[in-house]
There are 2 protein chains.
Amino acid sequence: MITEFCRLNDAIERVSKVINIQLNIERVSLLNAIGRVAAKDVTSPCDIPPYDRSVVDGYAVRAEDTYGASPSNPLPLRIVGEANFDTAFRYSIGPGEAVRIHTGVPLPKGANAVIMLEDVVEDKSTIYVMKSVGVYANVSRRGEDMPKGFTILKRGQTIEPWHVAALAAVGLDEVEVFERLRLCLLTVGDEIVEPSKNLDPVEVLSKGKVFSSTHYLLLCEAKRLGFLEPVHIGIVGDSPHQISNHIRQAIEECHSVITTGGTGPGQRDVVVKAVKEVGSEVVVRGIAMRPGRTTSVAVLKGKPIFMLSGFPVAAYIAFRFFVIPSLTKALGITESRNYVYAKLTRRVVNRAGYTTFVRVKLFNCGTEVCAEPLASTGSGLISTLLESNGILKLPDDIEGYEAGELVPIELL
Amino acid sequence: MITEFCRLNDAIERVSKVINIQLNIERVSLLNAIGRVAAKDVTSPCDIPPYDRSVVDGYAVRAEDTYGASPSNPLPLRIVGEANFDTAFRYSIGPGEAVRIHTGVPLPKGANAVIMLEDVVEDKSTIYVMKSVGVYANVSRRGEDMPKGFTILKRGQTIEPWHVAALAAVGLDEVEVFERLRLCLLTVGDEIVEPSKNLDPVEVLSKGKVFSSTHYLLLCEAKRLGFLEPVHIGIVGDSPHQISNHIRQAIEECHSVITTGGTGPGQRDVVVKAVKEVGSEVVVRGIAMRPGRTTSVAVLKGKPIFMLSGFPVAAYIAFRFFVIPSLTKALGITESRNYVYAKLTRRVVNRAGYTTFVRVKLFNCGTEVCAEPLASTGSGLISTLLESNGILKLPDDIEGYEAGELVPIELL
């Protein structure tokens, strides 16, 4: 029996401190970098743009030569050439001169602005400037985008498409990332059966068997996180000895192990017995969270063994709001979660000292976003995850929220 | 020169109507289904739960036998056995009887409620009930989660972790999905160079060359969408003939082609010439959107050729807010975008008839989320994407938003 439940934040703190995992560093090509975690800061080796360049099609000029220009006072400038990527560096323009220039092309020497095509009238080798331009008008300055030394990526940051683009822009074709954290999942329960098209579901279920769905939920969620490499070891019965054999092997092969099922408060509390059998130390035994309060953690050789409920919703919530924060905190990985502020359609209450997670359905109500809390019970009901698109967290120091309150919803 | 710009919504409508792509259907295992698009509705072949079952550890009873029970009036019931997955179906309980039961186990015949362990006092083969329970208390009813015929997945829906879990729960190990849409990317520009660790970036850039970054941005973004299979064909110079040769081949191999670069309003408008050369019909020539107004589309054999800017931000915005919506609309794919309502820190203005996309930086300001608009210019500046974490869309019928207004921000 669990007698004292650890507060969620304390549990995360405690577990992240005892985790001692060293992830190797590997080099990956840019296209394989997406979703991975940077192992080192990366800075730009050069100025981007590498020179002042035109951002429009027009004429490179000396800004001062255009001062006072207007449709009623067109100022003539002599066209002395055309700057493209091959020729731009050859030109140098003096007073009264202009060079035709294209988007992206370096500004010729002597020029300090570009006047747009539509602001001049061209006549043979002369343009008549109709509009004054300021210094560096229509020019992108050297280093304006990413100066040399600019930090493109920070150690611990998850690599997004724009990071990849920025790395490419400075000529890099690889990036150093942490190896993925290998996460072994073990499903516990005498009644659990792997789904298969060769089985008649009605017949299987009528015998008191249950198809394993929780491990699919966790595997799929883990696969969405680029720093994890999840593997399902398999399904094992309620025998502590069998379970401990599997855990012993998994802890050799993986950086972390997750078990689901076998954590009930009654006689089926077999997983805790099993982790003790392998010599690991139980560091968290029950967390004051709903759902998921049977969640426990043991540590062996610095590697955490997370013991989660077999119920899909309870396991999912514990995985997302406890396992992942514990791992990212221990490893120094920056995690970004997406929130929406939404108006609660009805009151939700918390239990003293507990962190409660309420599935909500977000919808547009007029010009606002509303959040309809779904049943807070039913942690065995997968359909409530299909229905919901967000999670409202009630921290352990909050008694609840009133109807109409604007509350942060984490998007699923 | 582009003379008339099509409104964004009209452009999406027009393009989605002329697209005529048939995606094949393929079967994938559950673990490969994540992010893919369901090709057919999937319904549950059975009731989940398949029977009334206990959601706690306790005693299966007849609710009526507990009526009136309290600590001062404990009601005795005779324990006639213990229900687990193997034995539950054998029991039938009568008046005055109770059966010990575990979480998830089917309710024995005759029982219609479960009383929790903590609400009884056990003495040898008798329990004393201290609390009355209602009919079906602590029981999950047959079909309560997913009744037979329940729609787990709809055709066109993107498959999320909970869909996979629900499919597994009803015993399915595969799902029919649409084949991925093959998207060929072609980078156009004489000055474009593939990034490589064997090149000195300072030297390359000083010669007026530019490293290809836009195609990485689009490839990475496309890879995040499970319905796409993006491929980079390569980099080709500004010659319409060369470009058309590449497009001719790409259109055979892919369902859709994207070109970046070579769409400038000046002489470098080589891609439109090239698509005409391959015999395709230009259906959109310029869109009233900022950035990205040179965006154009041609169609050949029902396959769209999207011509995007070479500038990373302009290409990204056009890809995300025009290409993807056009394709998903044509294919009947349900796309879900994540929004946050945030308070604008300063005024943003729109241009009449244009849809403007403003990069914003979201941050917490007190108990609210604030959105700081970043420069709306600089579509060549990748660093603005690194800085921003959301996009504010100003639709073409809105003049702008005031400082302090609550506006929807699409999360990046």
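Helices and strands are taken here as DSSP runs, a helix having at least four residues and a strand at least two, and both are numbered from the N terminus. With that in mind, and remembering that this is a predicted model, begin by selecting A:K124, which sits in the loop between β8 (120-123) and β9 (126-129) of chain A. The phi angle of A:K124 is near 50°, a positive value in a residue other than glycine. Most residues other than glycine have a negative phi, and most peptide bonds are trans.

The next stop concerns peptide bonds. Select A:I48 and A:P49, where the bond joining them is cis, with omega near -10°; A:P49 belongs to the loop between β2 (42-43) and β3 (53-54) of chain A. Then go to chain B and select B:I48 and B:P49, whose peptide bond is cis with omega near -5°, B:P49 being placed in the loop between β2 (42-43) and β3 (53-54) of chain B.

Now colour chain A by domain, using 8-23 + 180-331 for domain 1, 25-48 + 145-178 for domain 2, 53-140 for domain 3 and 339-411 for domain 4.

Show the cysteine side chains next, for the structure holds four disulfides over all chains. One of them joins A:C184 to A:C254, with 1.9 Å between the sulfur atoms. This pair links distant parts of the chain, 70 residues apart, with A:C184 in strand β13 (residues 181-188) of chain A and A:C254 in the loop between α5 (240-253) and β17 (256-260) of chain A.

Finish in chain B by selecting helix α4 (residues 214-223) and helix α7 (residues 312-331), whose axes come within 9 Å and cross at roughly 25°. How do α4(B) and α7(B) run relative to each other, parallel or antiparallel? Angles under 35 degrees count as roughly parallel, and α4(B) and α7(B) are therefore roughly parallel to each other, while the crossing of α4(B) past α7(B) is right-handed. To see where they touch, show B:T214, B:L217, B:L218, B:E221 and B:A222 from α4(B), which meet B:P312, B:A315, B:Y316, B:F319 and B:R320 from α7(B). The residues of this contact comprise seven nonpolar, one polar and two charged.

Technical notes. Residues numbered from 1 in each chain as written. Chains lettered and ligands numbered in written order. Predicted model: local features only at pLDDT ≥ 70, side-chain atom pairs only at ≥ 80, totals over all residues. Heavy atoms only, no water. Axes fitted to C-alpha atoms, helices over the stretch in contact; angles between N-to-C directions. Parallel < 35°, antiparallel > 145°, perpendicular 65-115°, else oblique. Left-handed = near helix turned anticlockwise from the far one by under 90°. Contact = heavy atoms within 4.5 Å. Nonpolar A, V, L, I, M, F, W, Y, C, P; charged D, E, K, R; others polar. Domains from an automatic or database assignment. Disulfide = S-S within 2.5 Å.
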